[in-house]
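User: I'm new to this one and would like a quick tour. Could you take my questions one at a time?

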Amino acid sequence: MANATVQLPDLTVGELSRRSGVPASALRFYEDEGLIRSKRTAGNQRRYRRDTLRRVTFIRMSQRVGMPLSAIREVLGLLPEDRTPNRADWARISQCWKKDLTARIRAMEQLRDQLTDCVGCGCMSLNRCRLANPGDELGAQGPGPQRLPDHRTDGYA
């Protein structure tokens with residue numbers, strides 16, 4: 001007996017929502033934004049390929065680490081549309097953000113390590129803080145959080 005691949009049915013928006021834990025309204029938004037795709041039935045109901053579940057998971061994980069939807073859309077565009085992405089496809093696109101995520105981790109660690117200096121005195125104002133910013137030295141460098149590297153050029157503002 002030959003091994004036949006069983007074709008599972010596509011998912012409805014409700015099934016995809018239930019399986020992913022993402023509200024149906026968010027799934028429709030992702031589709032409107034070009035992050036996921038659906039087919040329509042004769043009755044105009046959405047049907048999602050089963051691999052869409054992995055894409056939705058990828059979107060949610062990416063959002064949790066602060067990636068904007070435009071960057072997520074760009075990376076998802078590198079995945080094949082004609083077949084289910086495999087491990088090699090996912091490994092390839094994961095390389096796209098390693099450098100950026102490493103930089104974000106460094107910035108978060110710096111923020112964590114300097115947070116006490118910024119709010120520890122209770123004044124919440126760097127132009128008056130004699131410990132973290134005596135004489136408002138940082139104010140002369142321009143607006144924004146001067147102690148965070150490249151805060152004006154990170155591409156996500």
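**A walk through the model**

Analyst: Let's start with a loop: Asn44 sits between strand E1 (39–40) and strand E2 (46–47). Keep in mind that this is a predicted model.

User: Is Asn44 buried or exposed?

Analyst: The cut-off for exposed is over 50% relative accessible area. Asn44 comes out at 51% relative accessibility, so Asn44 counts as exposed.

User: What is phi of Asn44 near?

Analyst: Most residues other than glycine have a negative phi. Asn44 has a positive value although Asn44 is a residue other than glycine, and its phi is near 65°.

User: On to the helices. At what angle do H3 and H4 pack?

Analyst: Two packed helices are described by the angle between their axes and the distance between the axes. For helix H3 (residues 52–64) and helix H4 (residues 69–76), the axes are 10 Å apart. Their crossing is right-handed. The angle is about 145°.

User: How many residues of the contact of H3 with H4 are nonpolar?

Analyst: On the H3 side you'll find Arg55, Phe58, Ile59, Ser62 and Gln63, and they meet Leu69, Ile72, Val75 and Leu76 in H4. The residues of this contact include 1 charged and 2 polar, and the nonpolar ones number 6.

User: What is the relative accessibility of Ile59?

Analyst: Ile59 belongs to helix H3. Leaving aside neighbours within four places in sequence, Ile59 is in contact with Tyr30, Leu35, Ile36, Ile72 and Leu76. The C-alpha atom of Leu76, 17 residues apart from Ile59 along the chain, is 8.8 Å away from that of Ile59. Ile59 counts as buried, with a relative accessibility of 0%.

User: Which residues touch the most other members of the largest nonpolar core?

Analyst: That core has 22 residues. Helix H2 (24–32), H3, H4 and H5 each supply at least two residues of it. The residues touching the most other members are Tyr30, Phe58 and Ile72.

User: Are Phe58 and Trp90 buried or exposed?

Analyst: Buried means under 20% relative accessible area. Phe58 has 11%. Trp90 has 19% relative accessibility, so Trp90 counts as buried, and Phe58 is likewise buried.

User: Why is the pair of Phe58 and Trp97 stacked?

Analyst: Planes under 30 degrees apart count as stacked. Phe58 is in helix H3 and Trp97 is in the loop between H5 and helix H6 (98–119), 39 residues apart. Their ring centres are 5.5 Å apart, and the pair is stacked because the planes are at 15°.

User: Which residues do ring pairs link into a cluster?

Analyst: Both Phe58 and Trp97 are buried. The ring pairs bring together Phe58, Trp90 and Trp97.

Note on methods: Residues numbered from 1 in each chain as written. Predicted model: local features only at pLDDT ≥ 70, side-chain atom pairs only at ≥ 80, totals over all residues. Heavy atoms only, no water. Axes fitted to C-alpha atoms, helices over the stretch in contact; angles between N-to-C directions. Helix = DSSP H or I, 4+ residues; strand = E, 2+ residues; numbered from the N terminus. Left-handed = near helix turned anticlockwise from the far one by under 90°. Contact = heavy atoms within 4.5 Å. Nonpolar A, V, L, I, M, F, W, Y, C, P; charged D, E, K, R; others polar. Buried < 20%, exposed > 50% of the residue type's maximum accessible area, 1.4 Å probe, protein only. Phe/Tyr/Trp six-rings, centres within 6.5 Å; stacked < 30°, edge-to-face > 60°. Core = buried A, V, L, I, M, F, W, Y, C linked by side-chain atoms within 4.5 Å.
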